[in-house]
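Please examine the structure shown below before reading on. The paragraphs that follow lead through it step by step.

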Protein chains: 2
Amino acid sequence: MSAPTDPELVEAWRTLLARQAATACALDRELNERHGLGMSEFEVLERLVEGTSGDCAASLRVQELATSVHLSQSALSRLIARLEKAGLVERSMCPEDRRGVSVCLTPAGRDRHTDAVPTHRSVLAEMLTG
Amino acid sequence: MSAPTDPELVEAWRTLLARQAATACALDRELNERHGLGMSEFEVLERLVEGTSGDCAASLRVQELATSVHLSQSALSRLIARLEKAGLVERSMCPEDRRGVSVCLTPAGRDRHTDAVPTHRSVLAEMLTG
DNA sequence: GTGCATTGAATGCACATGCATGTAGTCTCC
DNA sequence: GGAGACTACATGCATGTGCATTCAATGCAC
């Protein structure tokens, strides 16, 4: 495969941007209307659900989450504060490194995520196919 | 082609999001450091350059620009105000519809865009190939 | 152990964004 | 031509974001 030309690059970038913008916008709107969640909030909940092993509530560090949702450390800190205020997650001191903060889902958080998954998937299906 | 499964959709979305975030972030940083432009600012300048026919400075309406940069009308209005303050574009009243505002490049705006193009393309080449 | 650099997270601040609204110009129907 | 709906853009306001800074805890050198 030869190197793409500049116009090809620009076209690819615009397409990528357009898809991302449209999808993110739709996702944000639907999740907000139907479940009171922003897109990034949902992503964080989802990571926590995925990180859960067995019954033990997921406990991830703030920093681990930051990279996977493409947010700065400070933005994530506040996002988690919002989720905590809403009763969806809990922050607790990390036992082995007391600088760290473990974030874990509450039952309410798990429920909210479960409720929102169908919305999330259906928006993706609609925007990402075709 | 069969309908994608949910995990496929989610994976596709995450990939899209990751590429977009990484590229946008790199683009913003480089353009800002080297040319004092944000990503969207550059996009607007680029649309104006593209819209130019012959010598006649491009004059696009605010609304036309908004859709192509995935910004709300209000955000774009302010973005143009910033560009105008920086001397890169000029707003003038649209003669045939006096509600409308024609945005046109100044020579300085054209130069700034020309300077920034190599940076833009090289970031795209780096982030979007592979 | 003490001092110092480093790391994890929270916070002050500036700024860009979106929504709702305001304002001016245009169009339509009578 | 005049009233009212509509359109294009600007602006007030609330919010989310990133950068720089701060504070606490850890690790390392000695």
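Which residue in E3(B) is the bridge partner of B:Leu60? The bridge partner of B:Leu60 in E3(B) is B:Val103. This is a predicted model, in which local features need pLDDT of at least 70 and side-chain atom pairs count only at pLDDT 80 or more, while totals for chains, interfaces and linings use all residues. Residues are numbered from 1 along each chain as its sequence is written, and chains are lettered from A and ligands numbered from 1 in the order in which they are written.

Helices (H or I, at least four residues) and strands (E, at least two) are DSSP runs, numbered from the N terminus, and two strands pair if DSSP finds at least two bridges between them. In chain B, 3 strands form an open antiparallel sheet in the order E1-E3-E2. Its edge strands, each pairing on one side only, are strand E1 (60–61) and strand E2 (89–93) of chain B. H4(B) lies across E2 and E3 of chain B and runs at about 115° to E2(B); axes are lines fitted to C-alpha atoms, for helices over the stretch in contact, and angles run from 0 to 180 degrees between N-to-C directions.

The two chains also meet each other. The contact (C-beta atoms, placed from the backbone, within 7 Å) takes 19 residues from chain A and 19 residues from chain B. On the side of chain A that touches chain B, helix H1 (6–35) and helix H5 (107–128) of chain A are the elements that give two or more residues. H1(A) gives the most, with 12 residues.

Chain A can be laid on chain B with an RMSD of 0.1 Å by a turn of 179° and a shift of 0.0 Å along the axis, the copies being superposed by least squares on the C-alpha atoms of residues with pLDDT of at least 70 in both. The two copies are therefore related as by a two-fold rotation axis. The same surface serves both copies, since 100% of the contact residues of chain A recur in chain B.

The DNA remains to be described. DNA strand C is surrounded by 21 residues, the closest being A:Gln63, A:Ser74, A:Ser77, B:Ser72 and B:Ala75; a residue is near a strand if its C-beta atom, placed from the backbone, lies within 6 Å of it. Around DNA strand D there are 22 residues, and the closest are A:Ser72, A:Ala75, B:Gln63, B:Ser74 and B:Ser77. H4(B) gives the most to the surface near DNA strand D, with 5 residues.

Technical notes:
Contact = placed C-beta atoms within 7 Å.
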